Amino acid sequence: MDEIQKTLLEQVAGLHEMPAGAYNIRANGQSVERSTTAHIDIVTKEDKQGIDIIIKPGTKKESVHIPVVLSQSGLTEMVYNDFYVGDDCDVIIVAGCGIHNGGDSDSRHDGLHSFYIGKNSHVKYVEKHYGSGDGSGSRIMNPKTMVEVGENSFMEMETVQIKGVDSTKRFTGAKLADGARIVVTEKLMTHGSQVAETSFQVDLDGKGSSANIISRSVAKDDSRQVFYSKINGNNRCTGHSECDGIIMDRAHISAIPEITAANLDAELIHEAAIGKIAGEQITKLMTLGLTEAEAEAQIVNGFLK
Amino acid sequence: MLELQNLCFQVSDDAEKHKEIIRDVNLTFGDHAFIAITGPNGGGKSTLAKLIMGIEQPSSGRILYNGTDITGLNITERAKLGISFAFQQPVRFKGIKVRDLIQLAAGGDSKVKFPAICDYLAKVGLCARDYVNRDIDASLSGGELKRIEIATIIARNTPLSVFDEPEAGIDLWSFNNLIQVFEEMHRESDNSLIIISHQERILNIADEIVVLAEGTVQARGQRGDILPELLKGTEGCKFYRQPVSL
């Protein structure tokens with residue numbers, strides 16, 4: 001891998017060198033490094049681009065890193081990754097995509113990640129997106145995540161897109177069995193003329209299932225964001241979604257929630273708040289000696305931390 | 001140290017009617033001063049405090065700090081010169097931790113280590129272990145926020161600190177603590193304190209008292225001269241001495 005690819009890797013996966021545990025690193029459309037463990041297998045798909053990640057039942061305290069980096073301008077790819085997580089597992093999966101586009105053609109990574117999680121398992125899934133390069137070609141990422149959470153399992157998902165991605169259309173769909181839980185935390189910042197659309201659909205099918213979708217976003221300059229969240233309560237369940245947005249400059253944010261209860265014991269809540277940075281927050285930090293711009297940066301960084 | 005010269009502050013309502021909040025105030029405070037500014041609600045006390053910090057700009061008049069005209073300086077510039085301000089209603093932040101705010105107050109870098117932060121928080125009666133990593137958001141009570149606000153002022157340790165009704169929203173236990181905090185700040189440094197307060201017990205520890213009503217200075221003098229006069233005026237109405245709001 002070259003220096004640009006290494007930098008991207010560091011941004012999206014926090015990796016300076018090869019991680020411990022299982023990993024698969026994809027660079028410019030090809031798998032360049034792979035490691036498996038006694039409990040985690042990674043197999044290349046034969047019918048299409050992508051890999052199967054198979055985590056054996058009872059696998060605890062192991063991690064899988066599957067970062068993707070693109071540094072060749074004009075490259076477009078569609079990748080399918082399937083995760084099969086057995087019963088009684090406790091694992092961390094770190095995905096992420098970094099695109100460096102120094103050329104004039106669009107670079108684009110579309111991914112479909114499907115999770116099939118067994119019973120009584122805990123999966124923490126972290127996904128970071130990052131773009132760099134000063135070419136006029138766009139950096140585009142369209143991630144789609146489909147999750148089936150088995151009985152009494154817990155899926156924790158963190159997505160971060162802070163810098164450099166020109167266009168994103170994200171979809172996350174989840175189906176929850178009895179006693180299953182999902183918590184999604186999304187952090188998003190757009191600037192320039194970027195566009196980001198993020199959409200959630202959660203079906204709380206199981207008895208005692210629960211979902212919590214938390215989105216924090218900052219839109220600067222002329223950027224635009226749309227947040228859709230759809231929670232369907234089909235059983236005794238609890239669902240909560242929260243969209244908290246800061247707008248700056250000439251940006252736009254829309255929050256479009258939908259909650260549907262199809263069972264008397266479904267408890268669903270949606271909260272959304274969009275506004276500029278409160279003037280008194282800036283004033284307070286200025287009284288500590290920060291300039292207005294420093295105060296603004298501090299507030300935005302804290303909000304997205 | 002601080003001089004207010006012919007200070008005026010006006011606001012206009014929709015009908016373009018001017019209302020004078022501060023009218024021709026002239027005050028001079030020396031070094032190592034401990035001043036309490038008191039007076040009825042709506043008398044202009046908080047506005048005066050905000051004018052000193054630069055949160056509001058005067059309609060006319062000048063403010064001198066150590067002989068330098070700071071009337072045209074913004075909040076940041078005044079903060080850097082050594083003026084601190086404790087808000088009556090502390091501001092909440094999503095995602096900024098108690099640790100972050102105290103570090104910013106103490107000079108803006110992460111060199112301020114846990115023992116120092118612990119010390120600042122202990123002075124306001126909070127155990128650092130329980131608080132340093134908490135967000136300054138709606139999960140903190142009004143009293144906790146207020147104590148953290150005062151800890152940021154202690155951490156700044158500037159030549160002049162202005163407190164806008166520090167007693168508001170604080171419980172009785174912390175109130176006793178607060179009195180000690182002010183006494184210690186005054187005793188252990190040459191810094192000056194200006195405290196806006198309704199509380200007799202705070203007035204009772206200040207060296208000087210300024211009475212502000214209807215935007216003008218009604219009286220100013222040593223505590224021993226002013227306080228008995230103030231309390232005399234309240235005979236017949238025991239509720240005048242406003243209790244600590246709980």
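Axes here are lines fitted to C-alpha atoms, and angles between them run from 0 to 180 degrees between N-to-C directions. Keep that in mind for this predicted model.

Start in chain B. Helix H4 (residues 114-123) packs against helix H6 (residues 142-156) at an angle of about 125°. Their axes are 8 Å apart. Angles over 145 degrees count as roughly antiparallel and 65 to 115 as roughly perpendicular. The angle found here makes H4(B) oblique to H6(B). The crossing of the two helices is right-handed. Which residues make the contact? H4(B) brings B:Tyr120, B:Leu121 and B:Lys123. H6(B) brings B:Ala151, B:Ile154 and B:Ala155. By class, five residues of this contact are nonpolar, none is polar and one is charged.

Now turn to chain A and its helix H1 (residues 3-13). Buried here are A:Gln5, A:Leu8, A:Leu9, A:Gln11, A:Val12 and A:Ala13. Look down the axis of H1(A): the buried residues fall within an arc of 165°, so they line one face of the helix. What covers them? The cover includes four strands of chain A: S1 (22-27), S5 (60-70), S7 (90-100) and S9 (122-132). Just after H1(A) comes A:Gly14, with a positive phi of about 65°.

Last, see where the chains meet. Chain A gives 15 residues to the contact, and chain B gives 20 residues. On the chain A side, helix H2 (279-287) and helix H3 (292-304) each supply at least two residues. The largest share, seven residues, comes from H2(A). The chain A side divides into six nonpolar, six polar and three charged residues.

Terms used
Residues are numbered from 1 along each chain as its sequence is written. Chains are lettered from A and ligands numbered from 1 in the order in which they are written. This is a predicted model: local features need pLDDT of at least 70, side-chain atom pairs count only at pLDDT 80 or more; totals for chains, interfaces and linings use all residues. Two residues are in contact if their C-beta atoms, placed from the backbone, lie within 7 Å. Ala, Val, Leu, Ile, Met, Phe, Trp, Tyr, Cys and Pro count as nonpolar, Asp, Glu, Lys and Arg as charged, and the others, Gly among them, as polar. Angles under 35 degrees count as roughly parallel, over 145 as roughly antiparallel, 65 to 115 as roughly perpendicular and the rest as oblique. A crossing is left-handed if the near helix is turned anticlockwise from the far one by less than a right angle, and right-handed if clockwise. A residue is buried if 20 or more other C-beta atoms lie within 10 Å of its own, exposed if 12 or fewer, and partly exposed in between; C-beta atoms are placed from the backbone. The arc is that of the directions from the helix axis to the C-beta atoms.
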